Amino acid sequence: MRYSETGYKLEVNLSQGNIERVETDPRLTELHLGGQGSAAKTLWERVPPEVEPFSPDNLLIFSTGLLNSTPVPGANRTVVNTFSPQTNLYAHSVMGGYWGPELKHAGYDMIVISGKAPELVYLWINNDKVEIRDASHLRGKGANETAGLIKEELKEPNANVVTIGPAGENRVFMASIEHGSSSAGRGGTGAVMGDKRLKAIAVRGTKEINVSHPAELFDQYLKLMKEIYENPYAGDTMADEDEDSFHHDNFSWGNARLRRKGFWTEEYEEKYKEITDRVLLRWTGCYNCPKHCHLLISRPGLGKHVLKCFGRATFHMAAFKEHDFSYEIVPVALEYGIDLYSTPQVLAFAIELYEVGILTDEDLPGFPSDGGERFYYLLEKIVRREGIGDILANGVYWAARQIGRGAEAYDHNTTKKFEQVPLKLGKLNPPYFLMTATGEKMNVPQIEGSFPQDPLPSPEEREEFVRGWVAPPNEKIKEIFLRWEKKHDISNEASCIIVDWNEIMHYVDDAVGLCAYLSSFRGGQFGGRPPYHIHNIPDFIKLASGIELDKDELLKIASRNRNLVRALNVRRGLRREDERPPEDHWAVRDHEFEQKLLDDYYAFKGWTKDGIPTKETLDELGLDYVSDDFIKRGILTGDESPAPSDIWAGKGEEEKARG
Amino acid sequence: MKGELEKKKVGRIRVDLDKCNGCRACEMACSAFHAVPKYSNINPSRSRIRVVTDLMDDVFVPIRSCDYTKAECDGRRVYTIQGKEYKECSFCGTICPSRDLFKDPDSGLPLKCDLCEDDPAIEEPLCVQVCHLDALTYEVTEEEVEKDDKPDEVELGLKSLLDKHGKDRIADTFARLSKKE
């Protein structure tokens with residue numbers, strides 16, 4: 001019997017209309033744990049680098065994590081992976097909610113979608129019965145609207161549905177996949193789903209998931225539910241607070257341009273609270289988690305929608321408006337099925353181009369004068385790929401180059417052709433430089449979190465913080481924190497250790513299906529008392545799945561997955577020169593320092609000076625098939641050594657941990 | 001004897017719809033508790049408590065299964081409570097033919113809530129234990145109820161014989177058998 005996983009995946013070829021239920025190899029679970037890891041392995045084996053994102057040969061993979069739908073609280077994530085039309089690289093987006101558990105109870109850990117349907121279709125998975133159904137009547141319908149219509153026509157109110165809106169159907173690069181309370185928003189996964197002419201996947205599952213150590217796991221579950229509920233640092237700590245100076249005073253407004261320090265006042269907060277109270281119906285959350293990080297809001301004429309996290313602020317900050325604007329436009333954007341992070345930046349970028357005369361009334365006939373109305377105008381054009389919208393729908397990077405006439409200069413907040421968090425700061429922050437430059441998840445919130453963002457001012461406070469800090473994998477990290485006084489003053493050695501830990505925890509979560517808000521995004525920042533960390537996750541893996549791992553073995557699996565994802569991108573051409581944060585992310589830059597830091601980090605990771613994992617690194621992780629492929633393709637000769645570094649030269653893993 | 005009063009502990013699950021976040025931990029925990037062996041598998045569709053959910057209508061109603069009935073009611077009532085519409089079935093825990101709620105997905109057999117009866121008894125049903133938002137709370141009250149003397153075995157057996165064969169036939173048979181001794 002397979003524990004905590006179903007042991008089956010669903011293979012759906014939309015070109016042929018072929019559906020297969022395929023048993024998976026339990027050894028692969030031991031090597032990759034599921035989720036992002038198993039998806040990366042599938043992409044490596046089946047999508048050669050020459051396959052275009054909008055090709056029937058590209059795969060769209062929905063995977064649940066190993067612990068998803070077991071009693072482990074907050075293990076409810078679904079990971080969506082494919083190759084992005086915007087970056088031509090690996091795309092990774094995670095969503096919570098209920099769909100992943102439903103899929104597992106239907107008897108599948110993963111769905112692999114290949115091909116391209118001749119007409120718009122949707123997939124209906126009802127346990128063993130799986131159908132490809134006509135979706136022509138759903139063309140152009142909103143994302144949540146579609147989910148409702150499908151549940152109605154299937155007469156299955158308990159089905160869980162993921163959908164794309166018109167943005168996905170029209171292959172807008174920022175298109176998201178929506179699931180009512182959650183979204184896989186980043187990376188253009190919705191565009192690939194639209195390219196495959198797959199409007200939705202509805203799932204109903206009534207099968208059981210077995211666990212290997214029932215009584216012990218349940219005992220732990222009861223304790224952890226209480227702990228998570230009571231832990232003020234777990235979950236989206238900002239979700240139910242009315243105070244949000246963090247984003248409004250520190251993040252940039254407009255096209256990632258203007259920091260408005262002091263915007264947030266008590267008066268504004270009162271006003272914002274009043275607006276929120278008016279629209280808020282309820283706090284909701286995800287499957288088997290006592291937190292309630294989502295706001296269910298209702299707007300007359302716009303129906304009900306769920307707001308989360310920074311998505312509450314991105315639109316009005318980009319449009320220089322206030323919260324009421326977001327509460328009006330976000331429901332529209334969610335129905336269109338479009339990313340709430342990249343999209344506002346694209347809209348603000350177009351407005352900037354208009355204001356400086358690069359885009360004219362000819363490009364934007366009847367362009368309104370009000371910033372808010374302009375947003376609606378542009379959003380409509382982008383979602384339908386009409387006129388200038390057809391170009392803007394490709395994201396800031398591509399649009400700037402297609403428009404030309406100097407528009408390239410206004411593309412100032414992308415890395416690897418992808419819109420980044422709108423931050424414009426002063427002094428370079430070394431760990432954030434590395435995360436922004438090298439993170440394969442392309443999005444800092446999916447890379448950072450385990451190490452605190454800021455130092456504590458006094459040695460006493462730092463000692464107090466470290467005293468109850470169980471999350472770090474080794475003592476070295478605690479020492480770094482104890483000695484850390486000035487935010488930007490941090491050794492290269494420390495930066496490497498911090499960034500490695502930060503990103504590896506996300507690779508753990510995204511393989512087992514844990515919510516980052518209970519784990520990797522909470523290891524150190526906002527309190528440093530995460531319910532999950534590298535020391536207790538192995539226990540939950542053992543109790544649920546029977547796979548016995550210690551901390552180091554779990555880190556090794558995460559590192560295997562991390563390097564495999566790196567390999568996917570390297571095989572598609574990613575190199576050192578692409579690993580640059582937006583040029584003006586920090587005002588003060590030091591090229592020489594940054595390049596030395598990059599060398600040190602590559603060396604720490606066992607990568608060459610070009611950012612390619614060495615043969616030794618790959619083989620050590622059991623990725624011999626990757627190193628063989630790299631040598632065959634001439635990407636590696638096999639004799640490369642890690643990047644030059646006086647800190648890490650010749651040091652093994654254990655020595656690195658000790659520093 | 002009927003009519004006499006006795007004190008009895010009565011457990012009740014109280015539901016506060018406004019506090020439910022829709023997480024369905026109650027369903028998960030219920031299905032685990034009733035699995036054989038206990039906690040060995042999870043299947044919310046086998047749970048004796050279900051959160052009737054319509055996210056897009058802000059409907060979150062945890063309902064607990066109660067008695068089985070062969071006949072369905074007409075179920076035509078629709079209630080509007082503070083502007084939200086609820087179907088009658090949204091509040092009903094009866095295991096009835098009109099829906100697949102509270103039936104084992106494989107066998108179709110009814111799944112009735114037993115408030116997690118266990119030996120030794122547990123303090124609170126599990127759905128309540130895992131609901132930290134207090135959408136579900138448990139209260140035990142001592143109530144005076146009419147003493148309900150249970151008929152003994154002989155009485156039960158005789159009653160069914162009477163039902164089946166009628167008073168006269170039983171009386172004749174009893175008389176005949178009594179004479180033989």
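Visitor: Among contacts in chain B between residues at least 6 apart in sequence, what percentage join residues at least 24 apart?

Guide: Two residues are in contact if their C-beta atoms, placed from the backbone, lie within 7 Å. In chain B, 64% of the contacts between residues at least 6 apart in sequence join residues at least 24 apart. This is a predicted model, in which local features need pLDDT of at least 70 and side-chain atom pairs count only at pLDDT 80 or more, while totals for chains, interfaces and linings use all residues. Residues are numbered from 1 along each chain as its sequence is written, and chains are lettered from A and ligands numbered from 1 in the order in which they are written.

Visitor: How many helices and strands does chain B have?

Guide: Helices (H or I, at least four residues) and strands (E, at least two) are DSSP runs, numbered from the N terminus. Chain B has four helices and seven strands, in the order β-α-β-β-β-β-β-α-β-α-α from the N terminus. With a radius of gyration of 22 Å, well over the 16 Å of the globule rule for 181 residues, chain B is more spread out than a compact globule. That radius is taken over C-alpha atoms, and the rule is 2.2 Å times the number of residues to the power 0.38. The C-alpha trace of chain B spans about 75 × 40 × 35 Å along its principal axes.

Visitor: Which domains does chain B have?

Guide: Domain bounds come from an automatic or database domain assignment. For chain B the assignment gives domain 1 (5-146) and domain 2 (150-181), and their C-alpha centres are separated by 42 Å.

Visitor: Is helix H1 of chain B buried, or is it exposed?

Guide: A residue is buried if 20 or more other C-beta atoms lie within 10 Å of its own, exposed if 12 or fewer, and partly exposed in between, with C-beta atoms placed from the backbone. Nine of the nine residues of H1(B), residues 25-33, are buried, so this helix is largely enclosed by the rest of the structure. Among them are Cys26(B), Glu27(B) and Phe33(B). In chain B as a whole, 27% of the 181 residues count as buried. The cover over the buried residues of H1(B) includes helix H7 (214-230) of chain A, and from chain B strands S3 (49-54) and S4 (59-64).

Visitor: In which sense do S3(B) and S4(B) pair?

Guide: Two strands pair if DSSP finds at least two bridges between them. S3(B) and S4(B) pair in the antiparallel sense over six bridges, with Arg50(B) bridged to Ile63(B) in S4(B). The two strands form a hairpin with four residues between them, and Asp58(B) in the turn has a positive phi of about 55 degrees.
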